[in-house]
Amino acid sequence: MSEWCVSNARCGGQTGLYLSSSHPTLEDGVVTREVLGTSSWSWWGWWGYSNQCGAYSSTSIRVKACPGDYYVYEFVRPIISVPGPMYCAVAFQSISSDPCYNYESLDRPWRANNESGDYICDERFSWNGWYRLFYYGMDIKMSETCVSSYTCNTEVNLWLIDPHPQIEDGVVIREVCGSGYGGGCCDYKSRPIRVKACPGNYYVYELVNPQFWWCSGYCTDVNTISQAISTVSPDIFTGSSITLNYDPCNNYNILDNYWRSTLNYWYMYGSLTDHDDTRVEWDGWYRLFINGLSAQMPEWCASYMSCGGYSSLWLGDSHPRLEDGVVTREIYGSRNDQCSRYRSDPIQVKACPGNYYVYKFTRPTLSIPDPVYCAVPFSTPSVDPCYNYTSLDEPWRATDNPYYNNYYYYGMCDYNVEWNGWYRMFYNGENTQMPESCVNQGMCGTYEPLWLTGSHPQLEDGVVTRQVCVSSWNGCCTYTSHPIRVKACPGNYYVYEFVKPMFCGAYCVDASNQSISSTTETIPSIESMTPPITTTAPPVDPCYNYNILDDSWRATNNQHSSQIMCDAWVSWNGWYRLFIQGQSVQMPDTCVDEYSCGTAAPLWLNGGHPTVEDGVVTRDVCGHWSNNCCFFQSNPIKVKACPGEYYVYEFVSPTACYLAYCADSSNINTTTTTVLPETTTTET
């Protein structure tokens, strides 16, 4: 059982129960120990600033230490006044080798208690094993005293409650306090860690995920800095040796990490942000790949670029040409919307025959928090995109169309579209292009319009890369999205290689710049929501008194749509019968894939449909999200089976956004509207 309080520890229930004092020794025999409970919530919700330890006192239990280094407990029923009590268990891994000589060196000076300005969260790191802490190559210890809030480049500062051990103490367990939002020294208690003093006057720590619901980080104390006498650390990452007498174009290390991609958006994709290139033992020259495809470092920055780390490193100048040989390039590091917040050590770059580059990567500057060299896919189109593209004719993208013309409150969102390849833009069948100047926020059918910050290329320019700006509440180009490739084509039109944007915005089309090109296509647009049509009949039975709901976007086969609908904003009233393009359908009663039915978390009926003789029944409604078919348990609805083999539903507002009721398209024969038009290929 745990002997320590951990804030918000539930241990599978609502209140985590732990021993109020240490376990007995063998010679103590059977002892009685008080049991305390940790409250999961303070009066202020999970933003509360009480450490919540000892909020409850449960019935005492008896404990005995046994030969073989284990304990037995005489558990009893906890006091019923404690909400959802559960006895907590804790396990520490066995130590197979002395951690004083088997650790990972962690040289992160930005963790010091004299640093501030960033909010780096240790909850997102993949902690594994023991660590020795450094400060620019010098030994440093964790803080043993209260640390001011918002220092150590985090929000909740973690420090040791008790002093560091002596060598003769061996491995000890120490509680960890968190200085929180309320300004107290121990507003929270994190998971305890193990610490050991080592010969050579240094310490090693078994750091673990704090598992708070907010942003916390382990702090180091600059007053404990000492010159490192002995540095023994395992090989973390190594590359093969390269003899510099050879051409690096023919003698390089392959670096293929999918998480280095600039398309790894930390705030959308989640947890791929725990990498740190200061921990890599760089050795020689490297060629970049992403999932086996040739890549290169980006020459640009995009807002909130992640690349698998906290600070994204990019090339401060263009790549060299073959005739330039080996050149030196500056390296910048971005953070959030600040593209050049950091500056790392320059690196050498060389262009190679075969249209690729090699880089002599070095350890980035230690003062940069978790820096990672970025990579971007680099390939030459195998087929001319001027004649192999997807036509995109969606009038809602026009620069004169405000977002509130759409049913979704924030408008359309191109982040949810599975972009693939090159696209040509149309506006009601006429050739058009992306705007090259600022678009007002809220236009193009979205809250954050995307526009081209550089001019379109000429025919002779071939394929070029252009930056994409985001019009937001605080400026035309305060934020930038991922750059795209553009090409001018014969016939006075352009094609664009669209990618998933950094923000939930949409690529714009210039409504004032339309032309008739030598090649025209008519593409059906995505259908919008159909207003309910009331069918009046007998006043009581809902089988004859319902609203018709015929929204094609609700179909289960409408996946990854640029329209993200939310039924929480619909004024539901009474009973509804579902149709798709005039054909009667029903709600799905099995799990539906995420991003189906024109929404993010599609709603399906949990419990099956009733029979006619069942009459009106109540059914649970689930929303699929985060790989959990019933992640959202929405409000239940009433359902009735009707003569004529159809169903009616008493829809109500879902519990959250972005949820929408689905219509099962598996039994209809007509072709449903697709999210993106088919590719049109023209032979030359």
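In which sense do strand 37 and strand 41 (residues 659-661) pair, and over how many bridges? They pair in the parallel sense, over 3 bridges. Strands, like helices, are DSSP runs numbered from the N terminus (E, at least two residues, for strands; H or I, at least four, for helices), and two strands pair if DSSP finds at least two bridges between them.

The model is predicted, so local features need pLDDT of at least 70 and side-chain atom pairs count only at pLDDT 80 or more, while totals for chains, interfaces and linings use all residues. Residues are numbered from 1 along each chain as its sequence is written, and side-chain values use heavy atoms, with hydrogens and water left out.

**Stop 1: strand 37**

Select residues 601-606, which make up strand 37. Of its 6 residues, 5 are buried; buried means under 20% relative accessible area, exposed means over 50%, and partly exposed lies in between (1.4 Å probe, protein chains only). Now pick L603. Its bridge partner in strand 38 is G623, and in strand 41 L603 stands opposite Y661. In a regular strand the side chains alternate between the two faces of the sheet.

**Stop 2: R108 and its partners**

Select D276 and R108, which form a salt bridge with the closest N and O atoms 3.1 Å apart. D276 lies in the loop between helix 1 (266-269) and strand 16 (286-290) and R108 in the loop between strand 6 and strand 7 (131-135), so the pair ties together parts that are 168 residues apart in sequence. Both D276 and R108 are buried. A salt bridge here is a side-chain nitrogen of Lys or Arg within 4 Å of a carboxyl oxygen of Asp or Glu, and by this rule the count comes to 23.

**Stop 3**

**Stop 3**

Go to R335 and D118, whose side chains meet in a salt bridge (3.9 Å, N to O). R335 is in strand 19 (residues 326-335) and D118 in the loop between strand 6 and strand 7, 217 residues apart. Both R335 and D118 are buried.

Then select D567 and R554, where the closest N and O atoms of the salt bridge are 2.8 Å apart. Each of the two lies in the loop between strand 34 (546-550) and strand 35 (576-580), so the pair ties together parts that are 13 residues apart in sequence. D567 counts as buried at 0% relative accessibility, and R554 is buried with a relative accessible area of 1%.

**Stop 4: a surface patch**

Select V90, F92 and I173, which form a nonpolar patch on the surface with about 200 Å² of accessible area together. Patch residues have over 30% relative accessible area and no salt bridge; nonpolar side chains (Val, Leu, Ile, Met, Phe, Trp, Tyr) are joined within 5 Å, like charges within 9 Å. Accessible areas come from the Shrake-Rupley method with a 1.4 Å probe, and for residues only the protein chains shown count as cover. F92 lies in the loop between strand 5 (85-87) and strand 6 (104-107) and counts as partly exposed at 31% relative accessibility.

**Stop 5: positive phi**

Select C444, in the loop between strand 26 (430-432) and strand 27 (449-452). C444 is not a glycine, yet its phi is positive, about 65°. Is C444 buried or exposed? C444 is buried, with a relative accessible area of 0%.

Move on to Q581, in the loop between strand 35 and strand 36 (583-584). Q581 also has a positive phi, about 50°, although it is not a glycine. At 30% relative accessibility, Q581 counts as partly exposed.
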